[in-house]
Amino acid sequence: MFDWQNIDTVLLDMDGTLLDLHFDTFFWLEHLPLRYAQIHSMEIEEARQWLHERIIEEQGSLNWYCLDFWTRELNVPVAELKKEVAQKIAFRPHVQDFLLSLKQQGIRTVIVTNAHQDSLSLKAETTNLDQLVDHVICSHDFGLAKETFGFWDRLQEVEPFNKDRTLLVDDSFAVLESAREYGIRYLLSIFQPDSQQPKREIDGFSAIDHFNEITPK
């Protein structure tokens with residue numbers, strides 16, 4: 001798929017790429033509606049429908065990912081509610097071996113995530129994922145989502161990388177397209193970000209099922 005001799009830096013999404021997206025899917029579609037209904041004395045299906053419509057309104061913006069925003073909007077402690085189902089946080093297959101192999105090859109690994117700092121902290125505490133890479137960058141610190149073109153310029157300021165020698169792995173097509181427009185040479189997607197959802201058909205980007213398909217030997 002590509003020659004590791006030509007890659008110095010690997011930028012890695014977190015949710016749906018390194019970690020199973022099922023935790024987030026379950027939280028936003030199942031657990032949050034249940035707890036929202038309990039807190040606000042609503043029927044669960046009524047809460048589910050309202051939450052879905054409200055959350056979709058923010059898709060593509062940094063608010064979509066911001067737990068502080070949703071705590072204010074919904075009047076529920078979103079970060080605390082996430083802790084209630086933290087046992088569902090899990091690595092996708094072969095991630096630890098892949099990251100270890102990159103470290104042994106001297107390739108710099110950087111997690112670049114749209115996840116809110118509170119969500120990032122919970123997942124780092126649960127998995128020690130932050131200990132397996134060289135750097136972790138949260139888009140909220142820039143005030144820009146990864147889908148936004150200006151994000152990549154800000155990233156260069158704090159984590160300089162050669163666009164021609166960098167691989168980005170991300171399950172979001174919008175993020176991959178933004179990175180392509182910026183000029184990042186190597187782009188890779190994930191067929192099945194959520195282990196409980198069907199495998200996706202992907203056009204326009206190379207993709208893998210699991211990281212053992214590309215782990216340097």
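Colleague: How do β4 and β5 pair, and over how many bridges?

Modeller: β4 and β5 pair in the parallel sense, with three bridges between them. Two strands count as paired if DSSP finds at least two bridges between them. L167 stands opposite Y186 in β5.

Colleague: What kind of model is this?

Modeller: It is a predicted model, in which local features need pLDDT of at least 70 and side-chain atom pairs count only at pLDDT 80 or more, while totals for chains, interfaces and linings use all residues. Residues are numbered from 1 along each chain as its sequence is written, and side-chain values use heavy atoms, with hydrogens and water left out.

Colleague: And what do the labels mean?

Modeller: Helices (H or I, at least four residues) and strands (E, at least two) are DSSP runs, numbered from the N terminus.

Colleague: Back to the sheet. In what order do the six strands come?

Modeller: The order is β3-β2-β1-β4-β5-β6, in an open sheet with parallel pairing. β3 (135-138) and β6 (206-208) are at the edges with a single partner strand each, so one side of each has no neighbour in the sheet. From one strand to the next, the twist averages 25 degrees. Angles run from 0 to 180 degrees between N-to-C directions; axes are lines fitted to C-alpha atoms, for helices over the stretch in contact.

Colleague: What about β1, how does it pair with β2?

Modeller: Strand β1 (residues 9-12) and strand β2 (residues 108-113) pair in the parallel sense over four bridges. L11 stands opposite V110 in β2.

Colleague: Which helix packs on the sheet at β4 and β5?

Modeller: Helix α8 (residues 173-182) does, touching β4 (166-169) and β5 (186-190), and its direction makes about 175 degrees with that of β5. Contact here means heavy atoms within 4.5 Å.

Colleague: How does β1 pair with β4?

Modeller: In the parallel sense, over four bridges. V10 stands opposite L167 in β4.

Colleague: Which way do the residues of β4 point, and are they buried or exposed?

Modeller: T166 and L168 point one way, L167 and V169 the other way, and all are buried. Buried means under 20% relative accessible area, exposed over 50% and partly exposed in between (1.4 Å probe, protein chains only). In a regular strand, side chains alternate between the two faces of the sheet.

Colleague: New topic. How do α1 and α2 cross?

Modeller: The axes of helix α1 (residues 22-40) and helix α2 (residues 44-56) come within 8 Å and cross at roughly 120 degrees. That makes α1 oblique to α2. The contact is made by W28, L29, E30, L32, P33, L34, Y36 and A37 of α1 with I44, A47, R48, W50, L51 and I55 of α2. By class, these residues are 12 nonpolar, no polar and two charged.

Colleague: What are the cut-offs for those words?

Modeller: Angles under 35 degrees count as roughly parallel, over 145 as roughly antiparallel, 65 to 115 as roughly perpendicular and the rest as oblique. Ala, Val, Leu, Ile, Met, Phe, Trp, Tyr, Cys and Pro count as nonpolar, Asp, Glu, Lys and Arg as charged, and the others, Gly among them, as polar.

Colleague: And at what angle do α7 and α8 cross?

Modeller: At roughly 70 degrees, with axes that come within 9 Å. That makes α7 roughly perpendicular to α8. W152, D153 and Q156 of α7 meet V175, S178, A179 and Y182 of α8. The contact of α7 with α8 has four nonpolar, two polar and one charged residues.

Colleague: I clicked on K123. Buried or exposed?

Modeller: K123 counts as buried, because its relative accessibility is 2%. K123 lies in helix α6 (residues 117-127). Leaving aside neighbours within four places in sequence, K123 is in contact with M14, D15, L19, F23, D24, I89 and N128.

Colleague: What covers the buried residues of α6?

Modeller: The cover includes α1, α3 (67-74), α4 (78-83), β2 and β3. The buried residues in α6 are S119, L120, L122, K123, A124 and T127.

Colleague: Where does N128 lie?

Modeller: N128 lies in the loop between α6 and β3. N128 is not a glycine, yet has a positive phi of about 60 degrees. At 45% relative accessibility, N128 counts as partly exposed.

Colleague: And where is H94?

Modeller: H94 is in the loop between α4 and α5 (95-105). Phi of H94 is positive too, near 70 degrees, in a residue other than glycine. H94 is partly exposed, with a relative accessible area of 35%.
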